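User: I'd like to go through this structure with you and ask what lies behind each label. Could you walk me through it?

Analyst: Happy to, so let's bring it up.

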Amino acid sequence: MAKKEQNQSRQHVRIDDRVLLRYRRISPEEFQERVSRYRSGEEEPWVDPIRTPGEARRLNYHLQKLREKNRDLSEILEILALKLDRLLVEAKAEALKEFREVKVNISGAGIRFELAPLPEPGEIFEFDIGLLPEYHFIRAYGEVVRVEGREAAFKFIWITEEDVDRLVQHVFRKQLLQIQASRRTVKG
């Protein structure tokens, strides 16, 4: 079983990144209660401090459909959306004050970063993660699987499929940029 879990964790590409992060430790009972509310529809798992509920999901859905028909137009609209989001971030700075920009190692399966005080393995945390520069916000729940030095590694134990897809796309996009940057360095 442990080997299977190790193999599953290696199926996700990891990158070093900077994200906006807000987190808190929660009890297993609170975790179960939150997930139960998401599943029953009493509460939505999506958190976005700068947009109205569902706005980013609707925009991404339409951009994805447009991308299939006209990639150039889709990319232009994505750039405009990013510029508008930056204006929203300026206007709604108060809503983001609970977030800190944090250096993390992240994948679709988990996150690792420095924190204090260090948690104990098995503890559960609620995360609100803002992917930069898109300002896409993701809510995830993670369990501490490892503590090394001043860092703790968390395995995501609950995250929507849509947010996993968004996170994986973000990781691949960032990895591509890092590869392109290293090639430019080699060419001089």
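User: Why does Leu20 count as buried?

Analyst: Buried means under 20% relative accessible area, exposed means over 50%, and partly exposed is in between, with a 1.4 Å probe and protein chains only. Leu20 has 11% relative accessibility, so Leu20 counts as buried. Before we go on, this is a predicted model, where local features need pLDDT of at least 70, side-chain atom pairs count only at pLDDT 80 or more, and totals for chains, interfaces and linings use all residues. Residues are numbered from 1 along each chain as its sequence is written, and side-chain values use heavy atoms, with hydrogens and water left out.

User: Where does Leu20 sit, and what does Leu20 touch?

Analyst: Leu20 lies in strand 1; strands here are DSSP runs of E with at least two residues, helices are runs of H or I with at least four, and both are numbered from the N terminus. Contact means heavy atoms within 4.5 Å, and beyond four places in sequence the contacts of Leu20 include Phe99, Asp128, Ile129, Leu132 and Phe137.

User: What makes strand 1 and strand 2 a pair?

Analyst: Two strands pair if DSSP finds at least two bridges between them. Strand 1 (residues 15-26) and strand 2 (residues 100-106) are joined by 7 bridges and run antiparallel.

User: Which order do the strands of the barrel follow?

Analyst: The barrel closes from 6 strands in the order 1-2-3-6-5-4, with antiparallel pairing. On average, neighbouring strands of this sheet are turned by 50 degrees against each other, direction ignored.

User: What is meant by a nonpolar core, and which residues have the most contacts inside the largest one?

Analyst: A nonpolar core is a set of buried Ala, Val, Leu, Ile, Met, Phe, Trp, Tyr and Cys residues joined through side-chain atoms within 4.5 Å. The largest has 23 residues, and Ile111, Phe113, Phe127, Ile129 and Phe154 have the most contacts inside it. Among the elements that give two or more residues to this core are strand 3 (110-114), strand 6 (151-158) and helix 5 (161-187). Strand 4 gives the most, with 4 residues. A second, separate core of 8 residues includes Leu20, Ile50, Phe99 and Leu132.

User: Is Arg166 buried or exposed?

Analyst: Arg166 has a relative accessible area of 11%, so Arg166 is buried. Arg166 is found in helix 5. Leaving aside neighbours within four places in sequence, Arg166 is in contact with Arg57, Asn60, Leu131, His136 and Phe137.

User: How do you know that Lys174 and Asp17 form a salt bridge?

Analyst: A salt bridge is a side-chain nitrogen of Lys or Arg within 4 Å of a carboxyl oxygen of Asp or Glu. For Lys174 and Asp17 the closest N and O atoms are 3.1 Å apart, and the pair forms a salt bridge. This one links distant parts of the chain, with Lys174 in helix 5 and Asp17 in strand 1, 157 residues apart. Asp17 has a relative accessible area of 6% and is therefore buried.

User: What are the accessibilities of Asp128 and Arg139?

Analyst: Asp128 is at 3% relative accessibility and so counts as buried; Arg139, at 10%, counts as buried too. Their side chains meet in a salt bridge, 2.7 Å from N to O. That pair joins strand 4, which holds Asp128, to strand 5, which holds Arg139. The structure holds 20 salt bridges.

User: Why is helix 3 called roughly antiparallel to helix 4?

Analyst: Axes are lines fitted to C-alpha atoms, for helices over the stretch in contact, and angles run from 0 to 180 degrees between N-to-C directions. Angles under 35 degrees count as roughly parallel, over 145 as roughly antiparallel, 65 to 115 as roughly perpendicular and the rest as oblique. Helix 3 and helix 4 pack at about 150 degrees, with axes 6 Å apart. That angle therefore makes helix 3 roughly antiparallel to helix 4.

User: Which residues meet there?

Analyst: Among them are Leu59, Leu63 and Arg67 in helix 3, and Leu73, Leu77 and Glu78 in helix 4. Glu78 forms a salt bridge with Arg67, with 2.3 Å between the closest N and O atoms. Glu78 has a relative accessible area of 27%, so Glu78 is partly exposed, and Arg67 at 24% counts as partly exposed.
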